[in-house]
Amino acid sequence: MSIANRRGARSGQTDMLAASSSVEKGDGGDADASLLEALSTIRQPAIVLDADLTIHHANPTFLELFQLTAADIRSRSLFALGEGDWDVPSVRDLLSDILSRGHEVKDRRLEQRFQGIGSKTLLVNGRPLSSEGSPSGKVLLSIEDRTEYEWMQHNMVARGEFAEKLIDSLPEAVLVLSSDLRVQSANQPFYDLFQVPPEETLGHYLYELGNGQWDIPTLRQLLGEILPRQAAFDDYEIEHEFEGIGWRLMALNARQLDHERLILLTIRDLTDAQASQRKLKQSEQRFRVLVEAVAQAVWETDAAGVVVKDSPTWRAYTGQTLDECLGYGWVDAVHPEDRAYAERQWRDAVSMGQNVDAEFRLRGPDGGWRWTNVHAAPLRDAEGEIVKWVGMNLDVTERKEAESALAASQQRLQLAIDASRAGVYEHSVPLDESTYHSSRWAEILGYRREELPQHDRFMDWIFQQIHPDDRELVESHYAAFVQGWTKGYNVEVRLRHKQGHWVWVHAISRAMQRGEHGCVSRVVGVMFDITERKEAHQCLEDLAATLEQRVAQRTEELRAETRFIDAILDNQPNPVVVLDREGRIVKFNKAGEIAAGYDFEELRDTAALMDLIPPEEREGVERVKAAMSTGEAPVRYENHWCHRDGSRRLFSWNNTVLKDADGRVQYILGCGVDITEQRKAEQEARRHLDEAARLQRRQTANELATVVAHELNQPLGAISMFAAAGLHKLEHSPVDEKALAEVLQQVSDEALRGGEIIRRLRSFLSQGALDRVEVDLNKVVHSACALIRPMARDHGIHLDIAACGELPSVMGVQVQLEQVLLNLLHNAVEAVQEGGVEDGRIEVETRSEGDAVRVTIRDSGPGIDTQMVGSLFEPLHSTKKHGLGVGLSISRSLIRAHGGRLWVDPQVPGGVFHFTLPAVP
């Protein structure tokens, strides 16, 4: 409280004394009654003493303050109260000045411990009382209790010093700036971090520090634009190059302290720590400074709590008019933030008939806000019914400001502690005891605050928790610090956790108070848990070593794998080529070198592969490469390679691709097989097959010649007979033209029949077209059966056809398919004939089977047993006396060439041959 305010508060005592002096001018009992009434209405504790210091009267406030009753003071000496609490020299001297000398005593300070209420700090005012101008022998004492006010003042100063010491002990750099951005103070970490002395910092404009090094555009924006708008900012990271200390990454936090018109700026160096430490956040609660105090108010309402009567003191206190405060209009004078609370407190009290004791803000006549303490009580009649409510407002602005300042200081301190995750402690060195430790400090070691030792020899307990390997280091730092040789200590050590394991901590301490010769008497410090950081650092070191070892091991494994793969590729008998996406050669094995006539080193990282391919084939190879580069399925391709000596070889390539983790093609790998000789052999085999087929057809034709001649004799004989009949008819007149026409038609039909027999034989004997076309297999079957039917008929064999009505077409060479059918039918006829089977039968059946067409030839011959099946289709193997042994072999080759299959069912009696061909989709 300021001096002016205290004077204003004590003026009530002076007025009271003056008033009591005027009251005493009355006579006897009237004066005494007036004095007692005046004492009962004032708020300060007051007593009246007789000349022998017996208590004549004490007002209720005095009794309440010293926890006394009227019975406790009745006819008792002041010095007999309590246990002689008032019988002290300072009180005796004060009363002596009043009684013996008649002096008026003002603001006499008294510090005394009273029974039941503890120590009190009092200001005592006193004067002698007179009656009709003559001394009455009585003494009036008024008392002001200053205990709480002085305790708050002392605590605020102590907390301020504590906060300054704590901020100085924090590892972050801190600047306190005035509103015009001049440095008011800086802590030691700021000087250490930026390597500047205090004389070049304090009082200087922020942007001029270090020859303008702090003139950073981002900092200007934060302090000039964001901070005025938001009143605070947190964890803004900026980068800057400083002379002398180099590049720095910093996290800035700032708060406007409105009540002091200061800016608190903290700077956390993230250059080394980066994100491994939690960011420090500080939050400052803004204060509202209330205007000067206004007068107190006394008021009353009706029984329902409604204001119906004027209160001049209320109007003077709030500035409201009578009309504005009537009813519940007084609520409008309450601060908007407190309005709902104030109205609720009043309505609840009225509804329950209870006293009111509430604090809120009221607007004064000048528009400012003052804290008021409202005391109100109901007045009841004899029946206990409430008649009205009376109340008064006591101004408590100064107390609320002191409480708010203290709470804000404590809150700022706690916010700083909580934001930094630091454990805070205070330690008395002479007593070796802990005077304070935060919950976080205990939590780091696994304890609750109440579990920590409260006895003396606290540091001995701490040293017992230190890891043996770290104890000597800590003891030496601590000894140098408490002797005043160092400003503090800053160490990283291991402490024993409650559960027995070790935790790494970073401990920083500073001197809060020093004794004689600069020795430290009180220590304040912070402690951070850095176990995770230490473990992470150790893990990183272990991981780096492991990775280095694995990389070396894997490198050697890859080299060995590369050598192994190279050895495998070089031992491959076929050329292997690996190309990258651009077609450059990255691998070429020994077989490839032999096939091309070039060494790998001559072709490495070149696109010379296309030079090995004949010009007319390069376009096709490029298409294959393009398709493979897009990730298409593996491709088989054939092309020639040109040897360095000019010779050519034909290779069949099996190609595939190697992809990366994202599925993109990285390499194209081709493995080639030299098929030059194979192709020559295939061509020679086809030539021999064609020659054998012609021989087979000629043999078959020879066997059929006799049958064909017999067949031709029939149409020729018929033609001769029909011609003779025609001539005979011409010799008779008249000529029967109709009959003659019938004879001539029969001659024509027989001539056509003979021509068809000759045509079929010529077609069978010719080479036939080798181009494959769609073929109706039913027509092929009917054509072949027409050729073989005369032979079957001559041997008494029935030839039947069971053709499928909707038979799919097949792709093939019709003459070759007819040759197969004729060979199988001819064999069937011979089998039935040689078996001596009477009433022999041959059946040809066609049917569709899924995506294929099947032809089956059944005969009633002796059949084929299981032992004969294995060698039946071998070349030059025959079961007939005069057979060449190539018919079935050629037939199977022709069916295979058409993509089909030819086989026999082992069966006795009766032979069954099948062949299938792919159907046209």
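This is a predicted model: local features need pLDDT of at least 70, side-chain atom pairs count only at pLDDT 80 or more; totals for chains, interfaces and linings use all residues.
Next I checked Glu845, which has a salt bridge to Arg847 with the closest N and O atoms 3.3 Å apart. Is Glu845 buried or exposed? I get 18% relative accessibility, so Glu845 counts as buried, the cut-off being under 20%. Arg847 comes out at 27%, partly exposed. I followed the shared partners and ended up with one network of salt bridges that takes in Glu843, Glu845, Arg847, Glu849, Arg854 and Arg858.

**Other salt bridges**

I ran the count over the structure and got 46 salt bridges. One that I picked out is Asp470 with Arg494, where the closest N and O atoms are 3.0 Å apart. Asp470 belongs to helix H16 (residues 468–482) and Arg494 to strand S17 (residues 488–496), so I have a helix residue and a strand residue 24 positions apart, a link between distant parts of the chain. Asp470 counts as buried, with 9% relative accessibility. A reminder to myself: side chains of opposite charge can pair when their charged atoms come close.

**The open sheet**

I moved on to a sheet of 5 strands. In what order do the strands run? I read S7-S6-S10-S9-S8, an open sheet with antiparallel pairing. The edges are strand S7 (183–186) and strand S8 (232–242); each has a single partner strand, so one side of each has no neighbour in the sheet. From one strand to the next, the twist averages 25°.

S8 and strand S9 (residues 246–257) run antiparallel and are joined by 9 bridges. Within this pairing I found His240 opposite Arg248 in S9.

**Aromatic rings**

My search of the whole structure gave 22 aromatic pairs. In the pair Phe190 and Phe194, the ring centres are 5.1 Å apart and the planes are at 50°, so I logged the pair as tilted. Both residues are in helix H7 (residues 188–194), and being 4 residues apart they are separated by about one helical turn. Phe190 is buried at 1% relative accessible area, and Phe194 counts as buried at 7%.

I then compared notes on Phe588 and Trp641. Why is this pair stacked? The planes are at 20°, with the centres 6.0 Å apart, and planes under 30 degrees apart count as stacked. Phe588 is in strand S21 (residues 585–588) and Trp641 in strand S22 (residues 636–642), so the pair ties together parts 53 residues apart in sequence. Both Phe588 and Trp641 are buried.

**A nonpolar patch**

Leu540, Leu543 and Leu547 make a nonpolar patch of about 290 Å². I placed Leu547 in helix H17 (residues 531–571). Leu547 is partly exposed, its relative accessible area being 43%.

Conventions
Residues are numbered from 1 along each chain as its sequence is written. Side-chain values use heavy atoms; hydrogens and water are left out. Patches are made of residues with over 30% relative accessible area and no salt bridge: like charges are joined within 9 Å, nonpolar side chains (Val, Leu, Ile, Met, Phe, Trp, Tyr) within 5 Å. Accessible areas come from the Shrake-Rupley method with a 1.4 Å probe; for residues, only the protein chains shown count as cover. A salt bridge is a side-chain nitrogen of Lys or Arg within 4 Å of a carboxyl oxygen of Asp or Glu. Helices (H or I, at least four residues) and strands (E, at least two) are DSSP runs, numbered from the N terminus. Buried means under 20% relative accessible area, exposed over 50%, partly exposed in between (1.4 Å probe, protein chains only). Two strands pair if DSSP finds at least two bridges between them. Axes are lines fitted to C-alpha atoms, for helices over the stretch in contact, and angles run from 0 to 180 degrees between N-to-C directions. Rings of Phe, Tyr and Trp (its six-membered ring) pair if their centres lie within 6.5 Å; planes under 30 degrees apart count as stacked, over 60 as edge-to-face and the rest as tilted.
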